Amino acid sequence: MINFVAIYIYIRNMAIKCIGILTSGGDAPGMNAAIRAVTRTAIYNGLEVKGIYRGYRGLLTDEIIPFQTNNVSNIIQQGGTILKTARCQEFREPEGREQAYKVIQKEEIDALVVIGGDGSLSGARVFAQEYNFPIVGLPGTIDNDLYGTDTTIGYDTALNTIVEAIDKIRDTASSHERLFFIEVMGRDAGFLALNGAIAVGAEAAIIPEIWTEVDQLEELIKNGFRKTKNSSIVLVAESEITGGAIGMAERVKKEYPQYDVRVTILGHIQRGGSPTATDRILASRMGEAAITALMEDQRNVMIGIQNDNIVYVPFSKAIKKDKPINRDLLNTLRILSI
Ligand code: F6P
């Protein structure tokens, strides 16, 4: 029997004419710069572009419009994502993905560019495999937790936001001679906490990578984190396991009542704001590379950057492996906070 679906997929893959683009999961500064770069590179190369709104949800509900170059004018400097974003439960189910595929066929989209974090790229991977559909991913997350890329779109801006906020907290911390636990994002990765701590001259960072190895709070107190200073700043990666900054402060209040402790949760402020030049350039390069990759017949890869070179990272690697944190940085932080 002739398999018409297989023939359709084969013919469709022969020539990509129309690219769909979406942003998914937590937004990250620089996503707009990436949308702009993907759109303009595609049009430059004679391809059509369709903007898909609200991530995978927009694929299911057909919230899709054709994009011209002026749809992405004046957005390179804007935080957030003009395409909106969502976390879509339905896309996790086969029925949801089937519906998405129907919409893709109806819209005559031949390939997708997905900008998002590990959850979004996991969804892309499953869909790409199920329907043999060409997808290229861009790492868009402030957490910097995707394997195979030195950095992700949004990470640099978030780090700078953290630094700006904590510089202000330091003023009051030192005036009142207090100990501040400052919670930053990064559920499973300590990049923001550790590099943020070095950048603000904090006493320590409590990060997920070594939670199971040592009691970081106990170590800190044992080593006398006050040292020669009269105020202290400790960055804590958010966590349901440790309770984040609130969890740390509660323990200190109970176990070391001599300290005057305060907590600040930086929260979603870290996700907003105009992207830094570094993020704009990164997003622009990666956006252009996504289209080049599709034209080179690359499929199911994430665009990464390694030593300033664009690389293609298979989805399976980007999302499966834990990206290691540079443990030398823990030592740097320890030495510089004496
Ligand atoms: O994955 C990016 C991220 O910013 C995480 O650091 C954070 O835990 C999560 O998103 C918060 O998501 P939401 O905005 O859905 O609460």
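## Strand β4

Both faces of strand β4 are covered in this predicted model. A111, V113 and I115 are buried on one side, and L112, V114 and G116 are buried on the other. In a regular strand, side chains alternate between the two faces of the sheet. Buried here means a relative accessible area under 20%.

## Pairing and crossover

β4 pairs with two strands. With strand β1 (residues 18–23) the pairing is parallel and runs over 5 bridges; within it, V113 of β4 is the bridge partner of I21. With strand β5 (residues 135–139) the pairing is again parallel, over 5 bridges, and V114 has G137 of β5 as its bridge partner. Between β4 and β5 the chain passes through helix α5 (residues 118–131), giving a β-α-β crossover that is right-handed.

## Helix α4

Helix α4 takes in residues 94–107. At 1.5 Å a residue, its 14 residues should span 20 Å, and the C-alpha atoms at its ends are 20 Å apart, which agrees.

Which residues of α4 are buried? They are G96, R97, A100, Y101, V103, I104 and E107. Seen down the helix axis, the buried residues of α4 fall within an arc of 160°, so they line one face of the helix. An α-helix has 3.6 residues a turn, so residues three or four places apart point the same way. On the other side of α4, E95 and K106 are exposed. Just after the helix, E108 adopts a positive phi of about 55°.

## The largest pocket

The largest pocket holds about 630 Å³ of space. It is lined by 30 residues, and those closest to its centre are G25, R87, D118, G119 and S120. Helix α5 supplies the largest share of the lining, 6 residues.

## I291 in helix α10

I291 is found in helix α10, which covers residues 277–295. Is I291 buried or exposed? Its relative accessible area is 0%, so I291 is buried. Between I291 and S316 there are 25 residues in sequence, and the C-alpha atoms of I291 and S316 are 20 Å apart in space.

Methods: Residues are numbered from 1 along each chain as its sequence is written. This is a predicted model: local features need pLDDT of at least 70, side-chain atom pairs count only at pLDDT 80 or more; totals for chains, interfaces and linings use all residues. Side-chain values use heavy atoms; hydrogens and water are left out. Helices (H or I, at least four residues) and strands (E, at least two) are DSSP runs, numbered from the N terminus. The expected span of a helix is 1.5 Å times one less than its number of residues. Buried means under 20% relative accessible area, exposed over 50%, partly exposed in between (1.4 Å probe, protein chains only). The arc is that of the directions from the helix axis to the C-beta atoms. Two strands pair if DSSP finds at least two bridges between them. A crossover is right-handed if, with the strands pointing away from the viewer, the path from the first strand over the helix to the second runs clockwise. On a 1 Å grid over the protein atoms alone, a cavity is a set of points where a 1.4 Å probe fits but cannot get out, and a pocket is an open set with protein on both sides within 12 Å along at least five of seven lines; lining residues have an atom within 4 Å of a point. Grid points are joined across faces, edges and corners, and a volume is the space filled by probe spheres set on the points.
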